[in-house]
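Subject: Structure for you to look at

Hello,

Here is the structure I said I would pass on. My notes on what turned up in it follow below.

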Amino acid sequence: MSPAPVEITVSATGRKITVPTGLFINNEFVASVDSKETIQTVNPATEEVICSIVAASAADIDVAVAAARKAFQTTWGKNVTGFERSRLINKLADLMERDAQELAELETLNNGKPVRVARDFDIGDSIQCLRYYAGWADKITGEASIDNKTKFAFTRHDPIGVCGQIIPWNYPINMWAWKVAPALACSCTIVMKPSELTPLTALKLSELVVEAGFPPGVLNTVPSYGSVGGAALSSHLDVDKVAFTGSTLTGRKIMEAAAKSNLKKVSLELGGKSPHIVFESADLDQAANWAALGILYNTGQDCTAGSRLFVQDTIYDKFIELLAQKAQALTISDGFAEAASGGPVVSKTQYDRVWSYIESGKAEGAKLLIGGQKRPGKGFFVDPTIFTDVKPTMKIVKEEIFGPVLSLAKFHSEEEVIALANDTSYGLGAGLHSKDANQCMRVSSALEAGTVWVNQYNMLNNNVPFGGKKQSGIGRELGSYALEEYTSIKAVHWNFGEKLDWPF
Amino acid sequence: MVGTFSYKFDTPTFKGTSTFPTGLFINGKFVDPVEDATIDVINPTNAKVIGKVAIGSSRDVDIAVKVAQDAFDKSWGLNVAGSERGKLLWKLADLMEQNADELAALEALDVGKAYSVARNFDINGCIATLRYYAGWSDKDHGQTIETDENKLAYTRHEPIGVVGQIIPWNLPLVMMCWKIGPALATGNTIVLKPSEVTPLSALRMCSLVNEAGYPAGVVNIINGLGSTVGQAMSEHMGIEKIAFTGSTVTGRKIMEAAARTNLKNVTLELGGKSPNIIFDDAEIEQAVKWAAHGIYFNHGQACAAGSRIFVQAGIYDEFMKRFTAHSQALTLGDPFEPTTYQGPQVSQTQFDRIMNYIDSGKKDGAKVHIGGGRHGSEGYFIQPTIFTNCRPEMKIVKEEIFGPVAVVIKFTDEEDVVRQANDTAYGLASAIFTQNINLALRVAHKIQAGTVWINCTNFPEVNVPFGGYKQSGIGRELGEYALRNYTAVKAVHVNLGHKM
């Protein structure tokens, strides 16, 4: 018996949203084959339960993988043209655009971010991302060599196959789009495990997958606990590739499981402790805007958060005053409030974690410029917090906090700050502000990060690759580079004229 | 006063009315030409005049170029992000899809091709082409190139600016989309001249261009004669690039005009006399069907037509028996009858030209195996024709006929047939039929043609490049390669440390 959908009323707008609660396998919402476990979804602004959904077991993962494998062999994979894939992915983008407001409200309810941001940025970017990859679907080309008179050698960029995709809770819809778009463009099939904290929009998007016309089994959605669904996908013998975005800790487990099982391909987008540098020649007001954005956007719950800010000594006093003003000008509140620039952090666990870092900062002797006080009342709200006088050995400087908590340090010379910036096992993002072009070139070249922003921060483009160096990840998303993650190269050597002499 | 074309279709395959203005389309509006002039539009099925459209002169080209340059500087070009350009092209494709039946009917009326072919091949091909190029709009990157740590070197693929495009009458909308697709994707603005023989479907597209949301002046359509509007475009100092599909004779004139004036960039898709080589071990039933498709598709009015059919001696008699039967069974008739395969040739001029070639073949001593004459008494219909007993020096073997006239030549030797196949000033397409893959690849790699079809003919894909060797053309259309026709490469060297 398939589980009944629930009707959720968004109290702020009066909108009623029907959300499917079953596992999405073979274009249908179904119950678990062997488990009665459910996941309770919570509204982080009110701490109230939104609804319950089915939690997939390891056996359900098997069913989903089998569905994805069957689709790959029959209606997808090499059985569908790039033109058709392009058309379907574009159709999905159209449907997302049609339902943008409803999806945004559901995203805000479950994740807490402001509705306006969810709709215009998260969903806006996701629609563009789908369209971008729809455009690649019929442009997957290999190489053909002409060097040889008797052999024709060429490469095929085949789809990898069945892909397990595990996405986080900080940008549920946007991370969904980043994963499904290139995978579908390359003709892979998908078993998608959204975060157990924010599974609702992934389930709602599954309805659009059906409406767009994708064959059953091409995209399957199986909300589950990481230790169940995530572990099952990583170690599954019939999954060809796993793509994960989340913590470095979990990323290691996934890579280990992949290595121990079938050496499936792994791509990882992990954590960061990204350095953000303000040189004395910078436009200070702009730099302060970007620096504030870098740590406060999405309430600091961003893998590229510019969480270590380095300010040159000659402009330090002036700059930190500006920065404090900028930070305090933002409104952190319920995502349905018009003026909201940021919402609560996503859960009690995250809330406690962020606060324990704030307490450790205080305990280790860092000074508070702003923030550090808990808000009374309901909701997992954390106000912008800036620590100064930090030392490289402090926990708040070394470890990823994933909240609106900034460590701010002074520096003197370019060489010094480059060394400080690179003194981390992470390497995801980095930013620098300077009007000296030569300096911009030198420093952007020296910073060990997958993305370096010059006189900007946070802003990505769908056609520019994104990913981590060092322990921030393996592989790249976005741009044409993402296609490499979902294709498997086959070289064909076709002899049409050479005879083999024997014995050779 | 801008005129209107209106036609009521009441046929077994399409019923409906098509109505649209017939002026010049400049800056998003239909306008009268500076000097009043029109040309009649003739229905080739019955030779009757069905309407008329305005034609322009060099003065209208001047106006259009100004408007297109203005649009390029202010509302198009790099002022619009690639993803946005892609969105508009996709929207135009959607609009073509919504109006597909009517567009197909106009094409069938004006060109004389079967409605079902116009609908399924031409219009569907157009939609696929526009969608394909929509996807390229935000993906044509330059490169960063490693030199040393004191220099940042990179390339930009910039749109050229105002481009001139001149298209033929054989597949009007397909040729329009092959041209505007890559040009718009890369951010250029356009002055396009349809063929004066088939001006209708391009005019119908104009309101779709507006509806898709293109800023005024991005796409400008100027009907007119090659000798006036086409010449003016080729010589224009404000057009930096011209793209032409048509006859080799006209292609030369365009290239000469470009050389004489501002050395504008030129790409040409010209004629062909494409060889179709059928070996003894070909799968014969398929070879017959594809060979017929190769020469009779679009009534032989295809630049890539496989018009010289070389058949190996061992299979010759059997091939001729089946090919003859197949050709004789082709149904000629009104394009809007559901059973029609072949309609009329596009115009009196083309009809006369083809009939002259048939006469010359007869005079030169080739044997008319079937056909060789007019079909019916109304319209420009020509019987599917097969010539045998041909010698290489005959006009029908050397020159492009552009009609449903197949020249069949027997051969024995692989090397000799390759030599014969390449013994032409043309080099557009070719086909090879054999079950032996080694033979197929060996021969394919030796043929001097821009496309080699193995075990098929006339089977293009929007993402595979198409274009000519030798005098069949310069440059490639379709695929990623077409983007190169509409972008200029700028190299930027940023010195970040080298001192003089």
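K193(A) is part of strand β9 of chain A, which covers residues 189-193. The model is a predicted one. Is K193(A) buried or exposed? Its relative accessible area is 3%, and because the cut-off for buried is under 20%, K193(A) counts as buried. Setting aside neighbours within four places in sequence, K193(A) is in contact with Q165(A), I166(A) and I167(A), with V222(A), S224(A), Y225(A) and G226(A), and with G229(A), G230(A) and L233(A).

G229(A) and L233(A) also take part in a helix contact, as residues of α7(A) that meet α1(A). Helix α1 of chain A spans residues 58-74 and helix α7 of chain A spans residues 226-235; their axes come within 9 Å and cross at roughly 45°. That angle makes α1(A) oblique to α7(A). The crossing is right-handed. On the α1(A) side the residues are A58(A), I61(A) and V65(A), and on the α7(A) side they are V228(A), G229(A), A232(A) and L233(A). By class, six of the residues in this contact are nonpolar, one is polar and none is charged.

Next, the core. The largest nonpolar core has 176 residues. Those with the most contacts inside it are Y133(A), W176(A) and F214(A) from chain A, and M96(B), Y214(B), F319(B) and F323(B) from chain B. Not counting residues up to four places away in sequence, M96(B) touches L103(B), C126(B), I127(B), L130(B), L173(B), C177(B), M205(B) and L208(B). In soluble globular proteins, nonpolar side chains tend to be buried together.

Regards

Notes:
Residues are numbered from 1 along each chain as its sequence is written. Chains are lettered from A and ligands numbered from 1 in the order in which they are written. This is a predicted model: local features need pLDDT of at least 70, side-chain atom pairs count only at pLDDT 80 or more; totals for chains, interfaces and linings use all residues. Side-chain values use heavy atoms; hydrogens and water are left out. Axes are lines fitted to C-alpha atoms, for helices over the stretch in contact, and angles run from 0 to 180 degrees between N-to-C directions. Helices (H or I, at least four residues) and strands (E, at least two) are DSSP runs, numbered from the N terminus. Angles under 35 degrees count as roughly parallel, over 145 as roughly antiparallel, 65 to 115 as roughly perpendicular and the rest as oblique. A crossing is left-handed if the near helix is turned anticlockwise from the far one by less than a right angle, and right-handed if clockwise. Contact means heavy atoms within 4.5 Å. Ala, Val, Leu, Ile, Met, Phe, Trp, Tyr, Cys and Pro count as nonpolar, Asp, Glu, Lys and Arg as charged, and the others, Gly among them, as polar. A nonpolar core is a set of buried Ala, Val, Leu, Ile, Met, Phe, Trp, Tyr and Cys residues joined through side-chain atoms within 4.5 Å. Buried means under 20% relative accessible area, exposed over 50%, partly exposed in between (1.4 Å probe, protein chains only).
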